[in-house]
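Please have the structure open while reading.

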Amino acid sequence: MKKLKFYAIGFIPGLLIVFFILNKKGASCSGYLPNSRVIAETLSKEFKYSEEAKTAMNTYKIDEKFIKDSIITTGKVDFDRSHAQKKPCPDYLIIYPEKNPAYEITFEKCEETMTVTSLKKLK
């Protein structure tokens, strides 16, 4: 029991110190989750749009800025309906917003480019 007390006396203040230091530097662990990694990799590539996606964008009056800044950046990747292991270009499905989704976007993420293959309005 004494060992546990000594451990806690050192561990808890150390944990608090590390927390405050990392918090001041703006560090976070959220970038390591699968959803965040897919989105970050996707946003770093050149965007292309299939004819089907362009038609849907015109129909729903959605521009490229809304797709990049809202749907992809804040959307949630549905890994159950995505094919992340597909070679050479995995395809993903993003729903936006996460609660009560209004849009569903499918895209292929290749080495150099990201191609939006479909866009659906759910409501």
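Is lysine 61 buried or exposed? At 74% relative accessibility, lysine 61 counts as exposed, where exposed means over 50% relative accessible area, buried under 20% and partly exposed in between (1.4 Å probe, protein chains only). The model is predicted: local features need pLDDT of at least 70 and side-chain atom pairs pLDDT 80 or more, while totals for chains, interfaces and linings use all residues. Residues are numbered from 1 along each chain as its sequence is written, and side-chain values use heavy atoms, with hydrogens and water left out.

Lysine 61 lies in the loop between α3 (51-60) and α4 (64-74); helices (H or I, at least four residues) and strands (E, at least two) are DSSP runs, numbered from the N terminus. Its phi is near 55 degrees, a positive value in a residue other than glycine. Asparagine 100, in the loop between β3 and β4, also has a phi near 55 degrees and is exposed, at 59% relative accessible area. Most residues other than glycine have a negative phi.

The whole structure holds six aromatic pairs. Rings of Phe, Tyr and Trp (its six-membered ring) pair if their centres lie within 6.5 Å; planes under 30 degrees apart count as stacked, over 60 as edge-to-face and the rest as tilted. Phenylalanine 47 and tyrosine 49 form a tilted pair, 6.5 Å centre to centre with 40 degrees between the planes. Phenylalanine 47 is buried, with a relative accessible area of 13%, and tyrosine 49 is buried at 12%.
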